[in-house]
Amino acid sequence: DEGLVAAAQFFKRDTRKSYALLADALQVNPKSVKLLKAYVPVALARGFDPYAVNALETLQGILSPAAFRKYIDENQLAGLLLQ
């Protein structure tokens with residue numbers, strides 16, 4: 001997971017490539033916290049808000065409430081949860 005997240009970060013200017021890497025990785029490991037956390041901002045950058053919300057809902061089921069709130073706050077995603 002670390003390698004895929006690093007690759008997605010490397011290609012962050014090419015959101016299409018970054019998104020493809022993370023989306024493919026999530027097909028194999030859909031409960032990876034690292035992949036999900038990296039996927040949300042990339043999905044948002046591509047305009048795939050419903051997919052980002054779905055990933056957030058998955059994260060919410062995996063993370064503790066405190067860890068989830070910290071991720072939301074650090075990435076300024078509170079407005080996304082209201083959709």
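**Exercise 1. Determine how many salt bridges the structure holds, and locate the one formed by Lys 34.**

*Solution.* The count comes to 3 salt bridges, where a salt bridge is a side-chain nitrogen of Lys or Arg within 4 Å of a carboxyl oxygen of Asp or Glu. The structure is a predicted model, in which local features need pLDDT of at least 70 and side-chain atom pairs count only at pLDDT 80 or more, while totals for chains, interfaces and linings use all residues. Residues are numbered from 1 along each chain as its sequence is written, and side-chain values use heavy atoms, with hydrogens and water left out.

Step 1. The side chain of Lys 34 forms a salt bridge with that of Glu 2, at 2.4 Å from N to O.

Step 2. This pair links distant parts of the chain, 32 residues apart: Lys 34 belongs to helix α3 (residues 33-45) and Glu 2 to helix α1 (residues 2-10). Helices are DSSP runs of H or I with at least four residues, numbered from the N terminus.

Step 3. Lys 34 is partly exposed at 45% relative accessible area, and Glu 2 is exposed at 51%. Here buried means under 20% relative accessible area, exposed over 50%, and partly exposed in between (1.4 Å probe, protein chains only).

**Exercise 2. Decide whether Ser 18 is buried or exposed, and identify its surroundings.**

*Solution.* Step 1. Ser 18 is part of helix α2 (residues 15-28).

Step 1. Its relative accessible area is 1%, so Ser 18 is buried.

Step 2. Leaving aside residues up to four places away in sequence, Ser 18 touches Ala 8, Phe 11, Lys 12 and Val 42; contact means heavy atoms within 4.5 Å.

Step 3. A polar atom of the Ser 18 side chain lies 3.0 Å from the backbone oxygen of Ala 8.

**Exercise 3. State what the phi angle of Gln 76 is and where this residue is found.**

*Solution.* Step 1. Gln 76 has a positive phi of about 50 degrees, although it is not a glycine.

Step 1. Gln 76 is found in the loop between α5 (65-74) and α6 (78-81).

Step 2. Gln 76 counts as exposed, because its relative accessibility is 72%.

How values were computed:
Helices (H or I, at least four residues) and strands (E, at least two) are DSSP runs, numbered from the N terminus. A polar contact is a pair of N or O atoms within 3.5 Å; within protein, one must be able to donate a hydrogen and the other to accept it, and residues adjacent in sequence count only if both atoms are side-chain atoms.
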